[in-house]
Amino acid sequence: NRRSRASSTSSGRQPAPPSNQHVQPLEAPKIIVIHPGSQHLRIGRAADLNPLTLLHGVAYRRRRLEGDWPYHDPLLPPLDNINPARLQVEFEEQRLAVSRILQHCVVDEQNRLRVATPPQQLAHFNRSSMAEKILPPSGVPDEHPWLDRDAPVLFDDQILRLSAFDARDYDIHFPIKRGELNVHKEKGGSLQATLQHLERIWAYALEVRLKIPLRELGTHCAVLVVNDVYVRRHLREMVTLLLQRLGFRRCFLVQDSVASTYGAGIGYGCVVDIGAQKTSIACIEDGISQLDARVRLHYGGGDIDQVMLMLLRKCGFPYRECSVQDSYVDARLLDELKERFCHLNASVCGAHEKTFTLRKQNGQWLRYTLQVGDEAIMAPMALFHTELLNITGRTRPVCTQQAAQDQYDCEDCFDGEYLKETGRKNGARGGDNGLHLPLLSGPGSAPGSLARPQLPVTADDEELIVVDQEESNSNFQQHSNQPQQPVLANHCYHNSLGQVVPLDQAVIRSINRCANYETKRKMFGSILLVGSSAKLPGLAAWLESRISQQMQGTGAEVNVFTKGMEAGMVAWKGAAIMSVLESARELWISQQDWQRHGLRILRERSPFLW
């Protein structure tokens, strides 16, 4: 194990007790599985067939005070407004480049090429298309108020019904952004405020939607699905939220890619999770996420929505007032259009007539008719031609798992900083600046080179500190006359121009960071697509074709697949299955364990390397 670990006796205290062997059998109806995302929250009992899916946001009614402006987290990633004119020119160049690629695609056995419909021809029809007044669709209750304007807090569909005018009366927060807690410096953006947003949303889902009174949560257990690339401090706060603020009896955490393998019924695989705002890739073997192969890319279905809107506007989108930045109604509409229109099937070409309905603020329902051509395939192709995604951000950070010793946490007395300060190396404390290293004089050593530090030795049995070899290497580099620049893992997910790599290349680079050839071969043969944006028709076959072309000559067999169930529910299903397994008994953390031992119990019982 290359990770730093302190033994349980390093502080002189007794180790955390093992899990109680006489725990009563767990009942699936008493286990609540929570899978929070950037846009949706999936929550339900482990015994349920499918989870409840609702918007992962909350809207607070504002008090109109002078100088107080409403704060709105956007449903879709905002456009890059640094230089809009240049952005339009560059987007058109990339659109033409992708269009030329599509023109060389073969559509049938006769080797016939695709025939594209020019945007000008589509625009001629779309600009003459007028909205048609219609009756409310069936299933939409007309007697109930469309928007509860008296409620102090709005959730789920009520937020998605806010027009640009209505939204001015609310502060709207989405507590997770791009896969992690949405902590920022604006109103309601502190860590504790973000956790308060989470508590409000989860309490609403439990009490109102699942009909579980909050006072009865002491008889329920919770399973929280977390991202593969995580911030340890955030996980600690979430456990506190579950056990102390909401009052669950017990809980445990599981990474979403590991849960996806349980939900898909596979023992190993490369899990590609395409969500609303992020795409994460992780290689799983025997229920363990490979540390070096985890990556989270900052693009997802919301970015595809913005690309599609830009393409539709170039061909005369008839709903000209569409404003996804100001109106949550319009943002929701665009997300629905993506799910209905978009595909990755090269054999589908030409103009196709589509319709969609929309409710205006005055209560009138309208139906729009438009023609769509290659826009339906070009928008999701942005996953493979990331230059199209520059409209929502030219520079995109890539997140890999930060080393444990780099995530300093003042409440974790066994983190890397603690080990550095208390470890004894060659008789000196880790924080001692007076460390002198002798010159090497043995055979094969360079003249004047520094001696390699030996493995750390412990002072005595009462203070057993284990420091890994990597930390010794880093100390050696710090004292060397020629310091070396560290090679960051996330650099390999950008090309030479600083552009984030496409999805297929990201999968290849992630798998290539696995330890050995056999593991890599297994991962290429089992690539699982999950996530709310992974259900685009033809995506699995397109990704498999792109990876296979780049892996020719290596002998690796590439297999990309999805499960028959809803792609966004796979991780939730897997966590529900995992929660009732006999082998998961030792993972549970009780309220008493958390209050008594704190972060140490999470370190010892988490099903992933802390």
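Colleague: Is the crossing of helix 4 and helix 5 left-handed or right-handed?
Modeller: Helices (H or I, at least four residues) and strands (E, at least two) are DSSP runs, numbered from the N terminus. A crossing is left-handed if the near helix is turned anticlockwise from the far one by less than a right angle, and right-handed if clockwise. By this rule, the crossing of helix 4 and helix 5 is right-handed.

Colleague: What kind of model is this?
Modeller: Residues are numbered from 1 along each chain as its sequence is written, and side-chain values use heavy atoms, with hydrogens and water left out. Local features need pLDDT of at least 70, side-chain atom pairs count only at pLDDT 80 or more, and totals for chains, interfaces and linings use all residues, since the model is predicted.

Colleague: How many helices and strands does the chain have?
Modeller: Among contacts (heavy atoms within 4.5 Å) between residues at least 6 apart in sequence, 71% join residues at least 24 apart. The secondary structure of the chain comes to 17 helices and 25 strands.

Colleague: What share of the residues in the chain is buried?
Modeller: Buried means under 20% relative accessible area, exposed over 50%, and partly exposed in between (1.4 Å probe, protein chains only). Of the 610 residues in the chain, the buried share is 53%.

Colleague: How are helix 4 and helix 5 placed to each other?
Modeller: Axes are lines fitted to C-alpha atoms, for helices over the stretch in contact, and angles run from 0 to 180 degrees between N-to-C directions. The axes of helix 4 (residues 191-209) and helix 5 (residues 232-245) come within 11 Å and cross at roughly 45°. Angles under 35 degrees count as roughly parallel, over 145 as roughly antiparallel, 65 to 115 as roughly perpendicular and the rest as oblique. Helix 4 and helix 5 are therefore oblique.

Colleague: How do the residues in the contact of helix 4 with helix 5 divide by class?
Modeller: Leu191, Gln192, Leu195, Gln196, Leu198, Glu199 and Trp202 in helix 4 meet Arg233, His234, Glu237, Met238, Leu241, Leu242 and Arg245 in helix 5. Ala, Val, Leu, Ile, Met, Phe, Trp, Tyr, Cys and Pro count as nonpolar, Asp, Glu, Lys and Arg as charged, and the others, Gly among them, as polar. By class, this contact has 7 nonpolar, 3 polar and 4 charged residues.

Colleague: Is Leu195 buried or exposed?
Modeller: Leu195 is found in helix 4. Apart from neighbours within four places in sequence, Leu195 is in contact with Leu181, Glu237, Leu241 and Arg245. The C-alpha atoms of Leu195 and Leu241 are separated by 7.5 Å, although 46 residues apart along the chain. Because its relative accessibility is 0%, Leu195 counts as buried.

Colleague: How is helix 7 placed to helix 8?
Modeller: Helix 7 and helix 8 pack with their axes 9 Å apart, at an angle of about 90°. That makes helix 7, relative to helix 8, roughly perpendicular.

Colleague: Which residues link with Phe317 into a cluster through ring pairs?
Modeller: Rings of Phe, Tyr and Trp (its six-membered ring) pair if their centres lie within 6.5 Å; planes under 30 degrees apart count as stacked, over 60 as edge-to-face and the rest as tilted. Phe317 and Phe356 form a stacked pair, 5.8 Å centre to centre with 20° between the planes. Phe317 lies in the loop between helix 7 (301-314) and helix 8 (328-341) and Phe356 in strand 17 (residues 352-359), so the pair ties together parts 39 residues apart in sequence. The residues that ring pairs link with Phe317 into a cluster are Tyr319, Phe356 and Tyr368.

Colleague: How far apart in sequence are the parts that Phe356 and Tyr368 tie together?
Modeller: Both Phe356 and Tyr368 are buried. Their rings are stacked, at 5.2 Å centre to centre and 15° between the planes. Phe356 lies in strand 17 and Tyr368 in strand 18 (residues 365-372), so the separation of the parts in sequence is 12 residues.

Colleague: What is the phi of Asp286?
Modeller: Most residues other than glycine have a negative phi. Asp286, in the loop between strand 14 (279-285) and strand 15 (288-289), counts as exposed at 68% relative accessibility. Although not a glycine, Asp286 has a positive phi of about 55°.
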